[in-house]
Protein chains: 2
Amino acid sequence: MGNFSITSIMGDEELVTKELVSNCLTTSFDQIPDEVKTHGKLSLLNWLGVTIGAANDRSIDMLVDLSKELQSAEQVSLYGRDEKVDLLMGVLINGTASHIFDYDDTHLDTIHHPSGPIAPVVLALGEHLNLSGEEILHAFIVGCEAELRIANAVYPSHYQLGWHITSTTGVFGAAIAAGLLLELDEERMSWSLGIAGTQSSGLREVFGTMTKPFHPGKAAQNGLLAALLAKRGFTSSEQILEAKRGFANVLAPEHDLSKVNSNWGFEWELAKNSFKPYACGIVLHPSIDACIHLKQEVDEKDLEYIELKVNPYVLELTGKQNPKTGLEGKFSIYFTGAVSFLTGDASEKQYTDENVKDPAIVELQSKIRVVVDEMMKEEEVLAKAVLHDGTSIVYEVKHAKGSLGNPMTLEDIIHKFKGLASDVLSNETESDRLIHNILNLERVESVKELTGR
Amino acid sequence: MGNFSITSIMGDEELVTKELVSNCLTTSFDQIPDEVKTHGKLSLLNWLGVTIGAANDRSIDMLVDLSKELQSAEQVSLYGRDEKVDLLMGVLINGTASHIFDYDDTHLDTIHHPSGPIAPVVLALGEHLNLSGEEILHAFIVGCEAELRIANAVYPSHYQLGWHITSTTGVFGAAIAAGLLLELDEERMSWSLGIAGTQSSGLREVFGTMTKPFHPGKAAQNGLLAALLAKRGFTSSEQILEAKRGFANVLAPEHDLSKVNSNWGFEWELAKNSFKPYACGIVLHPSIDACIHLKQEVDEKDLEYIELKVNPYVLELTGKQNPKTGLEGKFSIYFTGAVSFLTGDASEKQYTDENVKDPAIVELQSKIRVVVDEMMKEEEVLAKAVLHDGTSIVYEVKHAKGSLGNPMTLEDIIHKFKGLASDVLSNETESDRLIHNILNLERVESVKELTGR
């Protein structure tokens, strides 16, 4: 790993972008540890499952309808659908689909969904340029690593201000991943980051609407566009991360850009990626674990209330009191607690427009009380069921299912994939073929095989 | 004008987005004063001239090359070129072309180039949907009004932080203009603004590269995309401007959202739009006026130095000491002062890669001294030529040519248009036809006539 620059050790923030570019361009596939490669493949498999599962969502129908108005060329696949669209439209649509269920992967340190902006880019470019499985896995891992390190550098102030960190930093990772596949040199890779960074966007205000999942799709599209233009010599800033009026200074009140390159090649942020057993924001998962457990000990007719003690972020993100749609239900700890208690799960099938109107669930959600405590970690909950007779049952979750301390296994992820794909793909053979190809991605000669079209 | 809401008078910032939508949807073409309509047409004519003039720029070749890789459908015209591309690609390319020369219009209060993100949208949608000249002029004026009022609300803190206000607020105007032409109702127009606002982007760090002109093009494309999705029912925030994690709170450290709707229909920001006689940022224009004047009184062989006393912003924006390209020359008061003194003009023909290397110009630019003074307005300069013999000549510009106090006339703008178009369009007849059609836009039955294709 002799090519890794030592600038970060010297703390020279003036060279952050240049050093990141150098790191990304000199990290060969062989230098990536096997466990990171495995985690990369699991991330892609998980991404593909949630994308296929949401392929027929109304919002995806709208995007496909738009692509028809634009007479988009049939260049790349839409996962879980029969249509093909042009390269840039494809990454927008697939990237959007992947986040619709809020069921995708999460880098817990930054509440970031790393695959969303990167996977659609490497898969679509791989199909468009007839690249190998190894090439796209390489670009995927390096792209994720770049976006997550940028996220580390600006979290939490950037997120707290109101930016959706998945898209704002994802656009850089998409530009890196695309730039690697397009074989950009150092200068053009810097421009690619410049063009990407100036498109960085995504406000948390739109959470709870169709525009939230649009974010990773747009970041993917913007990052790919950046690389496609840089490839042609389209000039841009070469210091977009660290410049006075660049990304960090403008979008993050506090930041530490030394995190972007420090220990590059020795520590891997993608290895910290986690997968969701439940179809909502990760911050709700401990509460779901607890409610599912409490149901085994308590009959709802005896229940006075359930108290959930959580980190303040949990309530900030999911404090919606009376959700009106299934989608809004994902942003309601009250609905989520009630529905997971009553049904024993919180998969996509729980978050329906019917369920948020179900009288039994609505009644129970009025019994969910939330207490915030800064001492609680985001992956923890201290739950207490208080019964009519005054007795109470306490249940503590230290590591929610799906968190790094209690990760989903390969079998869990395959099970999740099949559950998501079963209603969409024509038969189980296609599902099995996709799983096999992703898990053996280094040996797939052409991404066209992967998509099978 | 009885439909105009009075909410703004009550200062209720909770309803800013809703009120803006209502104002935009209820402002009929007949309610727009004639002088504003005229100013709208002059803005479009000026925009078309600078767009055609830059149509063969290398960066536009790159975008067109990309559209070929994407097999973009032949839906709308590229002004000054023979190719046609799809609707979304068309607004990106035309919008980018319009800002390449930095020769477009400027709303002086906010250093905003209002036509850039709006004109490409109304022209492309007009061509795509076969709309009338009156319809697109109406949408253009209301869209510009919306973006400029949002700009007023966040300027200067937003701009000072590092945002390129033309694109960050332009995306809203584009979404409004497109939404009007797509006949969105109130709810969908709100969503259009939500989808637009979450794509708001553009960092000043990229100034001096090809990515600066990319900004209005991308804002136009993002705003149009927002309206096309909202038209299909794609949901989003309905309070994107004022929400806690919405546009103003996240992107502007200080803001006054009451400016968005106050006196809507009575005061017109578009009427304050100005046009540039010179092919660089407006803040350089007073200095150019002064240098051109001083040349009439001073022979350069007698010149010790020229001192330019300017507003601090001028140096912040154009302080580049040794530009290496014609484009960089536009961000150098030193080069600009020297070349305008020596040649008597600062049109696109002055800002060439050859001129920045010309020894006579390079020598003279070392004699340009800049003094900043907060008391100076941005449209002013106090220039002093000091000669070898110790004598000095002072020349003061209070209102630069092209500013509101000294505006370009219709004849000036037609002359500018013809100068820009002459090298690009096949013959003068085509130029005359475009000028005639824009100046009589209300009577043009179909935008297809305008483009003549």
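**Entry 1: conventions and confidence**

I number residues from 1 along each chain as its sequence is written, and chains are lettered from A and ligands numbered from 1 in the order in which they are written. Because the model is predicted, local features need pLDDT of at least 70 and side-chain atom pairs count only at pLDDT 80 or more, while totals for chains, interfaces and linings use all residues.

I looked up the confidence next, as pLDDT (the predictor's confidence in each residue, from 0 to 100). Chain A averages 94, and 96% of the residues score at least 70. Residues 1-12 of chain A stay under 50. For that stretch the model has 19 contacts beyond four places in sequence; a contact means that the C-beta atoms of two residues, placed from the backbone, lie within 7 Å. For the complex, the predictor gives an ipTM of 0.89 and a pTM of 0.89.

**Entry 2: the sheet in chain B**

I take helices (H or I, at least four residues) and strands (E, at least two) as DSSP runs, numbered from the N terminus. Two strands pair if DSSP finds at least two bridges between them.

In chain B I found an open sheet of four strands in the order S6-S5-S7-S8, with mixed pairing. S6 and S8 (392-397) of chain B are the edge strands, each with a single partner, so one side of each has no neighbour in the sheet. Neighbouring strands are turned by 20 degrees against each other on average, direction ignored. For such angles, axes are lines fitted to C-alpha atoms, for helices over the stretch in contact, and the angles run from 0 to 180 degrees between N-to-C directions.

I then followed S5 (residues 303-310) of chain B, which runs antiparallel to S7 (residues 381-387) of chain B, with six bridges between them. In this pair Ile306(B) stands opposite Ala385(B). Towards S6 (residues 368-372) of chain B, S5(B) runs parallel, over five bridges. There Glu307(B) faces Arg369(B), and Lys309(B) faces Val371(B).

Which strands of chain B does helix H14 touch? Helix H14 (residues 285-297) of chain B packs on the sheet against S5, S7 and S8, and its direction makes about 145 degrees with that of S8(B). Helix H17 (residues 333-343) of chain B lies across S5 and S6, at about 125 degrees to S6(B).

**Entry 3: the sheet in chain A**

Chain A has an open sheet of four strands in the order S6-S5-S7-S8, with mixed pairing. S5 (residues 303-310) of chain A pairs with S6(A) in the parallel sense over five bridges, and Ile306(A) stands opposite Ile368(A). Helix H14 (residues 285-297) of chain A lies across S5, S7 (381-387) and S8, at about 145 degrees to S8(A).

**Entry 4: where the chains meet**

I found 45 residues of chain B in contact with 45 residues of chain A. On the chain B side, helices H4 (58-69), H5 (87-97), H10 (186-197), H11 (211-231) and H12 (247-251) each supply at least two residues. That side divides into 19 nonpolar, 19 polar and seven charged residues. Here Ala, Val, Leu, Ile, Met, Phe, Trp, Tyr, Cys and Pro count as nonpolar, Asp, Glu, Lys and Arg as charged, and the others, Gly among them, as polar.

**Entry 5: the core**

A nonpolar core is a set of buried Ala, Val, Leu, Ile, Met, Phe, Trp, Tyr and Cys residues joined through C-beta atoms within 7 Å. A residue is buried if 20 or more other C-beta atoms lie within 10 Å of its own, exposed if 12 or fewer, and partly exposed in between, with C-beta atoms placed from the backbone.

The largest core has 291 residues, of which Ala177(A) and Ala177(B) touch the most other members. Beyond four places in sequence, the contacts of Ala177(B) include Ile118(B), Val121(B) and Phe140(B).

**Entry 6: single residues**

Ala400(A) sits in the loop between S8 and helix H19 (410-421) of chain A. Is Ala400(A) buried or exposed? Ala400(A) counts as buried because it has 28 C-beta neighbours inside 10 Å. Beyond four places in sequence, Ala400(A) touches His285(A), Pro286(A), Asp289(A), Glu379(A) and Asn406(A).

The peptide bond from Tyr155(A) to Pro156(A) is cis, with omega near 5 degrees. Pro156(A) lies in the loop between helices H7 (133-154) and H8 (157-161) of chain A.

Ile111(B) is not a glycine, yet has a positive phi of about 50 degrees. Ile111(B) is buried, with 20 other C-beta atoms within 10 Å.
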